[in-house]
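Hello,

Here is the structure I promised to send over. My notes follow below it.

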Amino acid sequence: MGAVWILIEPICHLLIFSLLYTMIRGRTISGVEYPVFVLVGMAPFLLYRNTALRLMDSLRENRSLFGYKQIKPLDTYIARVIVEACISGLVYALIVFGFAWWGFDMSINNPLMWFMTLTLGLLFAFSLGMVLALITHALPSLKLVIRMVFFPLYFISGVLIPAAYLPHALMPILLLNPFLHLTELIRGEVLPHYAMVDGISIGYVTGFTLVLLFISLGSYRARRLHLISTKNG
Amino acid sequence: MFELRNVTKSYLTPKGRRYVFRNLSLAIPPGKNIGLIGRNGAGKSTLMRLLGGADVPDSGTIVTDRSISWPVGLTGGFQGSMSGRDNIKFVCRVYGAEGEAMREKIRFVQEFAEIGTWIDEPIKTYSSGMRSRVAFGLSMAFDFDYYLIDEVMSVGDAQFKRKCRKIFREKLKTSNVVLVSHSMSEISKLCDIVLLVKDGEIEIYEDVIEGIKAYSA
């Protein structure tokens with residue numbers, strides 16, 4: 001059942017939002033069909049969200065393996081990222097083939113940049129997930145709050161609508177969110193005629209990721225002895 | 001040989017820090033089978049984990065020049081959602097047994113633990129007896145200088161215990177054991193030296209009978 005859900009979740013999201021959107025506004029956005037538009041941004045976003053959230057549980061799930069002294073908590077984090085990336089990649093490929101078979105144009109405009117941005121996003125999600133995992137290891141009650149915060153993130157990261165449709169007055173604040181940059185960049189690289197909003201920059205995401213990666217690895221180094229001791233978390 | 005130098009180990013609990021050992025120093029002579037005895041919660045398993053390097057002291061060092069197994073405990077170092085076979089493969093890869101060596105070890109564990117086709121079921125569906133049989137068999141499949149055995153042998157049925165003792169006697173010709181047990185007959189049968197863990201202190205008894213007497217007192 002769990003395996004089926006992995007495939008059904010993104011398809012459900014797609015169906016519901018496509019239906020809603022076509023009822024309200026029409027069938028296309030910047031020259032592409034709405035389901036294609038959503039899929040391109042939503043699949044990476046779901047991957048990043050799952051990665052960041054699942055890292056919070058990876059210590060608890062793999063606690064018994066720390067009996068082998070070769071295995072460190074960092075290994076479980078990295079393994080989780082690899083697993084999530086493989087699953088998401090497979091699901092994405094399946095849906096893309098399904099769409100192409102149905103008759104949608106699924107070609108990617110700038111594949112190299114697209115792949116690079118995806119990788120950068122995964123690195124960002126890994127750093128974020130590790131920071132969250134270290135925070136919730138110290139304060140387990142925050143887990144629920146963090147999960148709730150990710151829900152509105154879905155809407156302010158431009159997953160369902162182009163960032164240009166978000167309120168202009170709030171743009172300086174919304175642009176602080178690296179997820180918005182990532183979804184916009186990815187769309188810009190896949191869709192040939194997509195106009196990104198002003199202020200989207202890959203430099204911002206890279207900088208943000210590097211700082212976060214530094215923080216996460218540094219605090220991991222400081223906390224590593226607490227993480228393996230069985231009596232905690 | 002083990003040497004503990006100024007070892008302090010504490011755990012952070014919701015109610016504050018609890019010290020298991022404070023500034024503990026001792027040397028355990030080489031080539032002995034070590035029995036760890038003490039009341040529940042005295043720190044036997046913690047000491048064993050420290051010796052095995054599965055846990056790290058807050059301060060101080062633990063020195064040894066021998067190869068030491070992972071702590072073989074009742075819960076077993078297993079990932080519950082993976083099958084027994086996958087768990088065995090995982091440990092084989094961690095310890096560098098690939099290809100034919102890995103298949104050999106899987107066969108050995110399957111036969112020793114007598115789990116038959118259960119080997120392809122997830123570990124979390126195993127009974128505690130099955131799990132400890134797999135855990136014990138898996139550690140026996142590898143060669144170490146010291147085996148860390150935490151209560152595993154006490155759960156099996158009589159026949160399995162006999163089997164354990166047999167393979168153990170074989171292994172103990174070349175290796176040693178660090179054994180945690182509440183069964184004094186087992187301790188006196190297998191161990192040459194007893195470490196009594198009590199109130200954060202460790203008393204070494206070269207004479208096993210004397211150690212057991214001190215524990216029972």
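Is B:Asp199 buried or exposed? B:Asp199 is exposed, because 9 other C-beta atoms lie within 10 Å. The cut-offs: a residue is buried if 20 or more other C-beta atoms lie within 10 Å of its own, exposed if 12 or fewer, and partly exposed in between, with C-beta atoms placed from the backbone.

Before the rest, some ground rules. This is a predicted model, where local features need pLDDT of at least 70, side-chain atom pairs count only at pLDDT 80 or more, and totals for chains, interfaces and linings use all residues. Residues are numbered from 1 along each chain as its sequence is written, while chains are lettered from A and ligands numbered from 1 in the order in which they are written.

**Backbone**

B:Asp199 is not a glycine, yet has a positive phi of about 50 degrees. B:Asp199 sits in the loop linking strand E8 (193-198) to strand E9 (201-205) of chain B. Strands are DSSP runs (E, at least two residues), numbered from the N terminus.

B:Asn23 is not a glycine either, and its phi is positive at about 45 degrees. B:Asn23 belongs to strand E2 (residues 16-28) of chain B. B:Asn23 counts as exposed because it has 12 C-beta neighbours inside 10 Å.

**Domains**

Chain B splits into domain 1 (2-67 + 178-216) and domain 2 (78-143). The bounds come from an automatic or database domain assignment. The C-alpha centres of domain 1 and domain 2 of chain B are 28 Å apart.

**Interface**

Chain A gives 15 residues to the contact and chain B gives 17 residues; contact requires C-beta atoms, placed from the backbone, within 7 Å.

Best wishes

Technical notes
Helices (H or I, at least four residues) and strands (E, at least two) are DSSP runs, numbered from the N terminus. Two residues are in contact if their C-beta atoms, placed from the backbone, lie within 7 Å.
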